[in-house]
Amino acid sequence: MILEQLIGNLIQGLVLGAIYGMATMGLSLIFGVLRVVNVGHGAFIMVGAFIAWWLFSALGVIPILAIPVALVIGLALGFIFYYSVLRRLIKAPELASLLATFSIGVLLEETAKLIFGSEFRGYNWAVGKITLPMTVLPMTKLYACLGSVLIAVLLYIWFNKTRAGTAMRSVVEDSEGAKVCGVNVEGVYAMSFALGIGLTVVSGVLLTMFIPVGINPYMGGPYTLKAFVIAVLGGLASPYGAFFGGLVFGLIENGSYTLFAFLPGVEPFALTRFFSCMMLLVILLIRPTGLLRAK
Amino acid sequence: MSNRCSIRMIGFVAVFALLFATHASAAPGKIVIGHPACLSGKYAKAGEQAIGGIKACVDWVNKVYGGVTVGGKKLPLEYKYYDCESKKEAVTSLISRLITVDKVDCIFAPYSSGLTLRGAPVAESHKMLYMDHGGANNKIFRQGFQYIVQTIGPASRYHEGTLDMIHKVDPHAKRVALAYEDSEFAKMVMAGAEEHAKKLGFKIVFKRTYPKGVTDLTPLLSALKAAKPDIVIGGGHFEDGQLFNRQMADLDINANALSLIAAATLPAFYKALTGMAEGVMGPSHWEYGVKYAPEEAKKVGLPWIGPSQDEFVNLFKKALGKDIIPDYHAAEAGAAVLALVMGIEKAGSVDSDKVRRALGDLEFMSFYGGWDVDDTGLQVGHSMVDVQWQGGKRVIVWPAEAQTGKLYYPMPTFAEKAKGKLAVPK
Amino acid sequence: MRADPTKYYPLIPVYVAYLAMFLIGSNMTGMWQLMAMLAFYCALGQAFNIFLGMTGYVDFGYVAFLGVGTYGMALGITKLAHVEELGIGIIIIGLALAVVMATLLSLAVGAVALRLRGAYFAIATIGVNEGFRYFIEGAKIWNGSEGMIFTAELNQIFGRETASALSTFWADVLVLIIAAAAAFVTLYYMKSKIGYALTALREDEDAAKVMGIHVTKYKIIAFITSAVFAGLLGASAWALKTPYVFPPEVFEIHYTVEAIIIVLLGGAGTLLGPLVGGLIYGLSKYYLSIVLPGFQLLIFAPIIILIIVFFPEGIVGMLKNRVKGTALEQYVL
């Protein structure tokens, strides 16, 4: 009975974890290359969610087809914010870039509120579900999970096989060295930021396939926080690390809930979050390169 | 040197003082309502509704009712609001500005129990009437505030009607699951529901909370599913209500009845969930369609004031310039305006002390329903209604006297709903 | 060293401004609550600046110290309300509890997070803030998510009139005093060994270490000081002024962001900066909410971005460069 519940939750956690991972890759990519923590991360997820919602409910476009649209819009936003703001802040102290990215987030939220209002929205793309003995999985959740994995694989190939991808990787590892070797660091910065934002916006689309309700301008906050924990799990500067961090996080989030629920007189959800915050601290302390990578 | 500096400083202070030079004070001959409204920030949604509701009723008082009668003269109402950004720092400074600079005659509290509490001491210190239309926490009224008057009903009673109704239509349904948001407001609803359920002989088979801002309820709902409840009641705010219903559908959790506070009665709820929301219920302070009318008031022997329901809706749409149906946040804020008007007329003065005393004795009915407060200012005269989604429409199914249609029970299963079944009674 | 009075000249403009705020507030009708709000923002900036301005470390979870301070006062009042002899002493106990709790938390955080640098430190402190909040809610300590409301207790202890004056006047006076004290401590640190050590640290932490400066010690001193002021601020501006405490409200990360904005606007690491930043931030917020209700954030966000990009030194930072070499130099820091 309990075991069945636990397994059911873990399956759900794995599916959600893949999306979490996808939603964190952008954050890690930007930090890895630019050493900037995008505190406005959640707002870009919100943009993706609105794209999916709007395309579906206004034009009847299914969320899968919203992914390329989201990618293009995300890349565009990324380039715009890079060239107008971030470019000038790369060498500035953390304070400046933290506040700048936060303000960008607020700007996006308020703009979304101006356009769409503060209503909570949702859409219903009914494509059936799979009933397992332990749990029920709607097809949309599975599509979102597969989509995340596919994008992660494509990104891996791009990093390893293409010129631009290798250049980006070289900057992550050693920006001075890359410069010496003739890599256009400035271009890599812009490209990485745009790609990071693009991935984040796409993840917003995928997220609505898992949770197609509650779409509103301020929905991003909780995801920013989760993304931080996941990014740290994965080593903060590594996009693939982030993807696996997401899987681990999804499992822990759902698994630990089932276990915490046995403790009398506590609120298991809040303890789950407490637990993930503690995990963040412990990993930062003992293994700042992340859980999954050797030192 | 320090001379030059101090001269500068004096100049600085002078400029400073000029900046704050008070605006012309409110002229006598009108009654001004001041409101630190939540136009932006986390309560923006409810805040906009409240502004619309207040504007609509102020409009009605001025144009239809002809103004507020004080000492034989008809005085117009005026509404003055600023945006508190749903933040406590702004609430106190804006209330103080409204009282001292704009010289308002009454303060309407901002939305939520927390912000209402924040403003209360300032209103009290100015001995200014403080109309609470969006703070449901019962504890506010155990603090000894003397100028606060509630229009929204207390949180502890939100789910009582739902349980009464199910107790009546299906005496065999015994297993109740409670799943509320972990916030001061929802917890109070939960405590009230639990107590009432036990009194009616229900068995609580599941009782858990989830934190504010939750994004995935799957683990909680899997456990809920295992408890096999007949009735599921819960909720907290807007977003979690949608999530709750949606994920129950995703996990195929079926119950005879599902009732969610706050979220389920709003149009956005159905818009987001469409067919999945069929048969889902929610308690509400007010809902478009309630049958409160002058005849009804006469029957129960209460004075009537205010626009009819349709008038209110039209005025509301005009006030906001948007084609949206007001929800209960608008209605309760509007009803607070009507209570104020009644109170002032009864007291024959705008003096807060006298109006507060008059409001203590006042009992009336409006489009919002009954209105009566006890000595502490707690609303006791307003009963809530229960709304069910039937074929995409909100139907009031409880209590019998306000009902616009019959209850559809049990709720169709999610599989049936996915095939397009509607919860419309034959 | 202490004998040199010019050392404290930069405090003059700061104190003149605080005095002016007090006088404007108490003498002009309707100004007090506005001044109280400005004082809160200035105090928040002054307190935050002690750590951020001097070390360059961004503590994103700073609001947690205000939160525990609020809890300190709330616990003092609710637990001791039945002891009648205490009288005004209960406030002092509350403040003391706030200080103790903020110190303990800062020690715990300091031991963990101060080993980290840059972005890692910022993320760790967010984790602490959120973790602490969820611990309170999850383990249901201190009433969990229901929080505490204690106006009734204040009324019972002090009587209605005094309790009301406490919430609407004395709490704000306390905030002004905290702001002034924080300014004094800032200057004291700047002019003492701690300040020089931290400046070295801010420029290059590793070099400072090599030079034999006991970096960790000074970092922790600044961190605890900053946290204690935050605790006091929470106890007065939140617990006393708003006699309730709900966990999601007192751990709201937006307050950290406001503190960062204020410090950055005025100029990080300056004495006058938080004051100027707090005034500008508070006033523009206040008037925007009156003139253009509902659009403050939309207007604010791009302005902040512009300021970060074009005036990273803040207003006082620029002013300092301007007055360099003039007679005013000794007043602007």
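## A salt bridge within chain C

In this predicted model, C:Asp206 forms a salt bridge with C:Arg117, and the closest N and O atoms of the two side chains are 2.8 Å apart. Because C:Asp206 lies in helix 9 (residues 205-210) of chain C, while C:Arg117 lies in the loop between helix 4 (89-113) and helix 5 (118-138) of that chain, the pair ties together parts that are 89 residues apart in sequence. Side chains of opposite charge can pair when their charged atoms come close.

How covered are the two partners? C:Asp206 has a relative accessibility of 41% and therefore counts as partly exposed, and C:Arg117, at 34%, counts as partly exposed as well.

Another salt bridge of chain C joins C:Arg133 to C:Glu137, with 3.3 Å between the closest N and O atoms. Both of these residues belong to helix 5 of chain C, where they stand 4 residues apart, which is about one turn of the helix. C:Arg133 and C:Glu137 are both buried.

Salt bridges can also share partners, and in this way B:Glu85, B:Lys87, C:Glu258 and C:Lys285 are joined into one network.

Over all chains, the count comes to 25 salt bridges. One of them is formed by the side chains of A:Glu119 and B:Lys45, with a distance of 3.9 Å from N to O. A:Glu119 is placed in the loop between helix 4 (94-116) and strand 1 (129-131) of chain A, and B:Lys45 is placed in helix 2 (residues 44-65) of chain B, so this pair joins two chains.

Are these two residues buried or partly exposed? A:Glu119 counts as partly exposed because its relative accessibility is 22%, whereas B:Lys45 counts as buried because its value is 11%.

## Helix 7 of chain B and the residue after it

Helix 7 of chain B is mostly covered, since 7 of its 9 residues are buried. The buried residues are B:Thr218, B:Pro219, B:Leu220, B:Leu221, B:Ser222, B:Ala223 and B:Leu224.

This helix is followed by B:Lys228, whose phi is positive, near 50°. B:Lys228 is found in the loop between helix 7 (218-226) and strand 10 (231-235) of chain B, and with a relative accessibility of 59% it counts as exposed, because the cut-off for that word is over 50%. Together with B:Arg175, B:Lys203 and B:Lys225, B:Lys228 forms a positive surface patch.

## A nonpolar patch on chain A

On chain A, a nonpolar surface patch of about 540 Å² is made by A:Val149, A:Leu150, A:Val153, A:Leu154, A:Tyr156 and A:Ile157. One of these residues, A:Leu154, is found in helix 5 (residues 139-161) of chain A.

## Two further helices of chain C

Helix 1 of chain C, which covers residues 11-27, has 17 residues and reaches 24 Å from its first C-alpha to its last, close to the 24 Å expected at 1.5 Å a residue. Its buried residues are C:Leu11, C:Pro13, C:Val14, C:Ala17, C:Tyr18, C:Ala20, C:Met21, C:Ile24 and C:Gly25.

Helix 12 of chain C, which spans residues 254-266, contains C:Leu264. C:Leu264 counts as buried because its relative accessibility is 7%. Between the C-alpha atoms of C:Leu264 and C:Ala165, which are 99 residues apart along the chain, the separation is 34 Å.

How values were computed
Residues are numbered from 1 along each chain as its sequence is written. Chains are lettered from A and ligands numbered from 1 in the order in which they are written. This is a predicted model: local features need pLDDT of at least 70, side-chain atom pairs count only at pLDDT 80 or more; totals for chains, interfaces and linings use all residues. Side-chain values use heavy atoms; hydrogens and water are left out. The expected span of a helix is 1.5 Å times one less than its number of residues. Buried means under 20% relative accessible area, exposed over 50%, partly exposed in between (1.4 Å probe, protein chains only). Patches are made of residues with over 30% relative accessible area and no salt bridge: like charges are joined within 9 Å, nonpolar side chains (Val, Leu, Ile, Met, Phe, Trp, Tyr) within 5 Å. Accessible areas come from the Shrake-Rupley method with a 1.4 Å probe; for residues, only the protein chains shown count as cover. A salt bridge is a side-chain nitrogen of Lys or Arg within 4 Å of a carboxyl oxygen of Asp or Glu. Lys and Arg count as positive and Asp and Glu as negative; His and the chain ends are not counted. The place of a charge is taken as NZ of Lys, CZ of Arg, CG of Asp or CD of Glu.
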